[in-house]
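Hi everyone, thanks for making time. I'd like to walk you through one structure today, so let's get it up on the screen.

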Amino acid sequence: MKLPNLAPFPTVAPQRGDADDQSHGVHLPRSVGGPLLQVARRLLMALAVMAAAVVIVYFDRSGYTDQVTGEPVGFLDCVYYVTVSLSTTGYGDIVPFSDKARLLTTFLITPLRILFLIILVGTTLEVLTERTREQWRLAHWRKILRDHTVIVGFGTKGRSAAETLMSTGLPQEQIVVVDPSKGVVAAANAAGYAGVVGDATRSDVLVRARADRARQIVISTQRDDTAVLVALTARQLSKSVKIVASVREEENVPLLKQSGADSVITSASAVGRLLGLSMISPSSGAVMEDLIQQGTGLSLRERPVTKAEAGRSPREVDDLVVSVIRGHRLLPFDHPDAATLELTDRLVVIHRIRVQEESHPPAVDPEAGKPRRGPGSWRIPRR
């Protein structure tokens with residue numbers, strides 16, 4: 001047993017108080033730039049308005065007069081006049097005296113002044129309401145988040161799990177990443193995932209990711225002892241959520257299952273067996289690699305038995321049947337009890353992904369036999 005430095009397991013669930021506590025550390029993906037980028041854009045727009053006004057005044061500078069010095073109006077005088085005019089300061093030292101200059105001021109400079117003020121006011125409101133809007137987005141996201149997938153640990157294994165799930169048709173909006181590293185969560189946000197920064201062995205962190213309402217949890221942490229604690233915490237929050245975990249050492253598999261994991265993958269042993277198989281038979285290794293990669297070539301999937309297949313042998317099914325799931329039993333295709341398929345059975349089959357399936361995921365969820373929910377099932381509001 002290799003479980004060093006086990007941290008104390010939290011036995012008391014957190015108090016679900018105000019939304020600010022539950023939203024702390026939650027980061028949603030953004031479709032536009034942050035507030036600094038928006039301020040920079042609006043500043044450029046304001047400068048563009050000022051430049052346009054300066055050009056208008058400069059080309060008709062002969063219609064303006066400097067009442068203080070009485071000298072002709074130059075370029076710097078035009079810039080000065082536009083600045084005090086657009087900001088509505090209006091000192092009155094430089095004024096239009098010709099009819100043409102007054103018409104330009106009325107029909108061009110005044111609309112530019114209004115546009116300039118709108119940009120300034122809009123920028124101020126944007127900065128002041130940024131936090132409020134972000135809190136609203138988080139509260140709305142938490143309210144509608146349900147039946148999603150939580151991926152704990154977004155390293156190589158976590159990213160591969162997310163890509164595999166999306167290749168089967170799961171919307172990206174239904175995946176929430178939990179990782180203790182802010183940089184990892186920021187990278188996940190940049191890729192389009194919602195993320196929670198924190199230690200997933202703490203129940204309050206999983207509550208932020210709404211693990212209590214999730215459909216499934218993928219545990220892909222770097223340490224086996226961390227995976228055990230995450231599984232215990234997740235199972236404490238929800239008795240019905242499906243938990244799939246990965247471990248490095250095969251001897252820790254029973255402990256993960258006792259901790260509440262429904263399925264445990266031994267990553268180091270699986271890679272080692274694949275390497276050994278590739279050494280013995282490179283073609284067999286290539287086939288196994290093809291089966292593991294979802295969305296292309298050969299693919300493994302689980303599906304229910306159709307009415308036409310009920311009462312028949314697994315060998316008579318169009319797809320290549322690997323196993324038959326009957327109740328809680330996993331039967332090989334050649335097991336005597338699986339000689340006749342029942343309507344309540346589920347099949348693990350190998351089939352080839354066609355081009356149409358690669359470009360258009362099926363509209364029916366093979367796991368539940370129900371119409372698959374598309375990206376519009378719940379979507380985080382974008383700005």
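Predicted model: local features only at pLDDT ≥ 70, side-chain atom pairs only at ≥ 80, totals over all residues.

Let's start with helix α5, residues 156-167. Now, which residues of α5 are buried? They are Gly158, Ala161, Ala162 and Leu165. These four cover an arc of only 100° around the axis, so they sit on the same side of α5. As a reminder, an α-helix has 3.6 residues a turn, so residues three or four places apart point the same way. The buried residues of α5 pack against β4 (149-152), β5 (175-179) and β7 (216-219). On the face turned away from that buried side, you'll find Thr156 and Glu163, which are exposed. After α5 comes Gly169, with a positive phi near 110°.

On to the rings. There are four aromatic pairs. In one of them, Tyr58 and Phe59 have ring centres 6.3 Å apart and planes at 75°, so this pair is edge-to-face. Tyr58 is partly exposed, at 30% relative accessible area, while Phe59 is exposed, at 67%.

Phe154 and Tyr193 also make an edge-to-face pair, because their planes are at 65°, with centres 5.2 Å apart. This pair links distant parts of the chain: Phe154 is in the loop between β4 and α5, and Tyr193, 39 residues away, is in the loop between α6 and β6. Phe154 is buried, at 7%, and Tyr193 is buried too, at 5%.

Finally, back to Tyr58: together with Phe59 and Phe75, Tyr58 forms one aromatic cluster, and Arg61 lies over the face of Tyr58, 4.2 Å from the ring centre.

Key: Residues numbered from 1 in each chain as written. Heavy atoms only, no water. Buried < 20%, exposed > 50% of the residue type's maximum accessible area, 1.4 Å probe, protein only. Helix = DSSP H or I, 4+ residues; strand = E, 2+ residues; numbered from the N terminus. Arc of directions from axis to C-beta. Contact = heavy atoms within 4.5 Å. Phe/Tyr/Trp six-rings, centres within 6.5 Å; stacked < 30°, edge-to-face > 60°. Lys NZ or Arg CZ within 6 Å of the ring centre and 35° of its normal.
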